[in-house]
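Q: Can you walk me through this structure? I'd like to take it one piece at a time.

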Amino acid sequence: MILQSDKPKEECAIFGIYNSKEAANFTYLGLYSLQHRGQESSGIVSTDGNHLYRYANMGLVANIFTQSKIKELIGEAAIGHNRYSTTGASFLRNAQPVRVESHLGPISLAHNGNLVNSWDIRNRLEKDGSIFQTTIDSEVIVHLMARSHQTDLLQALCESLNQVRGAYSLLVLTPRYLIAVRDPNGFRPLVMGKRPDGAIVFASETCAFDITETEYVRDVEPGEMVVVDHTGVRSLYPFAKAQPSLCIFEYIYFARPDSYIFGESVYKVRKELGRQLAHVMPVEADVVIPVPDSATIAALGYSEESGIPYQSGLIRSHYVGRTFIEPDQKIRDFGAKIKYNVVKEVVNGKRVIVIDDSVMRGTTSRKIIKMLRNAGAKEVHFRVSAPPTISPCYYGIDIPTHKELIAATHTIDEIQKYLRVDSIAYLSLDRMNKAVEGHKGGGFCDACFTTKYPVEFQEHVGNQKSLFTEYAVEE
């Protein structure tokens, strides 16, 4: 049985390093620290300057890469990828990084994001004779490169990326280059650093720098292509400028709180979201508790601003996999109970404020509230450190469909009744924007809260994942 989460699903993680004798080892460590961004598959591609060496498999980083496998990934440059599928089914053939042979030489690519016009490009290329090996949107980029009449790899990559739309933070590895690219809107994060030995490092978040002893240098800018080779590091800007549309959900939920992304501390922003939430529909209570782990920092901010004591009233099991066997289908609320347990001493006889960072379907939240009631909570007040999620994301986050989102189909009063709480309040858009006030990176994408999408797409883009499910056969 698949454990259905009441959260948006993780995106993907990418990591790359150039000019290190321990390239594969550092890539392994980087992917390990970025495991929270994808748990379905993981892969590493390395190069010795002549060939590309690849290994990928299904599962978690620590279970996939043995020491013997890492030793086979020779060379002083490597890229890696942790995957959660947003387009394309979950099976081994879709594990990244992608590796292909072409007239430009061997190319490997790791992608975080989602291309909103990949389905149209794929249809066109297949009609022209292209044969795809995967069902992931990222593969269209390497097909466009392979079909390009450009003889220079960088020009072919620029030409190809100018044909795609949507979100992409990319790492491209060839025997000569390590290339990092971020789409013109900058939806997904991508940071650049430097190790003491001079190696250049790229990652989705700076938490991957800490474990690899890398010093943060800067973010890769929206629309920037950073090229690293034996001559050094240089930047190209081959795309038309666009309004920055940084994913606000990275701060709310996805990124680790010890990371810096978009030029700011995730911990600092998340705590400020909690502070702002404390001003929305204040209520007298005895204790503030988070839904761990992603709401913990927001709950700390809420507690400090409101003056209501913070306690760990819910304990989360960190050993629950993505799939588990349910011993009896008749056991109600099993999914929530296997993941969370209530500390009765914290909530019994208390007026409890529960802080969560987001609510999608509401099913898990309802079960958690029931567990708190059964543990003796006198009152339960539910607070969410983000606005109501009313629309899916098409730029790399697997948010449920419109009809599955409780805030898109129910009023606040109806949600309160469904969750069986004494009161409920979401963070307003204004308060959310106040939490990132003064941010130097530009504007944010808040389409999941507003339906205002910064990059246009055809309606069928939302069905791409379901269209591919017929190919989801275990390999």
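**The annotated active site**

A: Let's start with the UniProt record. Its unreviewed entry marks Cys12 as "active site". Keep in mind that the model here is a predicted one.

Q: Where does Cys12 lie?

A: Cys12 lies in strand β1, residues 12-18.

Q: Is Cys12 buried or exposed?

A: Cys12 is buried. Its relative accessibility is 7%, and buried means under 20%.

Q: Which residues does Cys12 touch?

A: Leaving out residues up to four places away in sequence, Cys12 touches Arg37, His81, Asn82, Arg83, Tyr84, His111, Asn112 and Ser204.

Q: New topic. Where does UniProt place the "binding site" feature?

A: The unreviewed entry puts "binding site" at Ser294, Asp356 and Asp357. These residues are spread over 64 residues of sequence, yet they cluster in space. The largest C-alpha distance among them is 7.9 Å.

Q: Take Ser294. Which loop is Ser294 in?

A: Ser294 sits in the loop between β17 (287-290) and α10 (296-306).

Q: And is Ser294 buried or exposed?

A: Ser294 counts as buried, because its relative accessible area is 16% and the cut-off is under 20%.

Q: What is Ser294 in contact with?

A: Setting aside neighbours within four places in sequence, Ser294 contacts Ile252, Tyr253, Arg270 and Asp357. Asp357 also carries the "binding site" annotation in the UniProt entry.

Q: Let's switch to strands. How many residues of β21 are buried?

A: Five of the six residues in β21 (residues 379-384) are buried, so the strand is largely enclosed by the rest of the structure.

Q: Which strands are joined to β21?

A: Strand β20 (residues 351-356) is joined to β21 by six bridges, and the two run parallel. Here, Arg351 has Glu379 as its bridge partner. Strand β22 (residues 423-426) is joined to β21 by four bridges, again parallel. In that pairing, Val384 stands opposite Tyr426.

Q: How does the chain cross from β20 to β21?

A: The chain goes through helix α13, residues 363-374. This β-α-β crossover is right-handed.

Q: What should α13 span?

A: α13 has twelve residues, so at 1.5 Å a residue it should span 16 Å. Its end C-alpha atoms are 17 Å apart, which agrees.

Q: Which residues of α13 are buried?

A: Thr364, Ser365, Ile368, Ile369, Met371 and Leu372 are buried. They cover an arc of only 160° around the axis, so they are on the same side of α13.

Q: What follows α13?

A: Gly376 follows α13, and its phi is positive, near 105°.

How values were computed
Residues numbered from 1 in each chain as written. Predicted model: local features only at pLDDT ≥ 70, side-chain atom pairs only at ≥ 80, totals over all residues. Heavy atoms only, no water. UniProt positions renumbered as here; feature names shortened; annotations may be inferred. Buried < 20%, exposed > 50% of the residue type's maximum accessible area, 1.4 Å probe, protein only. Contact = heavy atoms within 4.5 Å. Pairing = 2+ DSSP bridges. Right-handed = clockwise from strand over helix to strand, strands pointing away. Expected span 1.5 Å × (residues − 1). Arc of directions from axis to C-beta.
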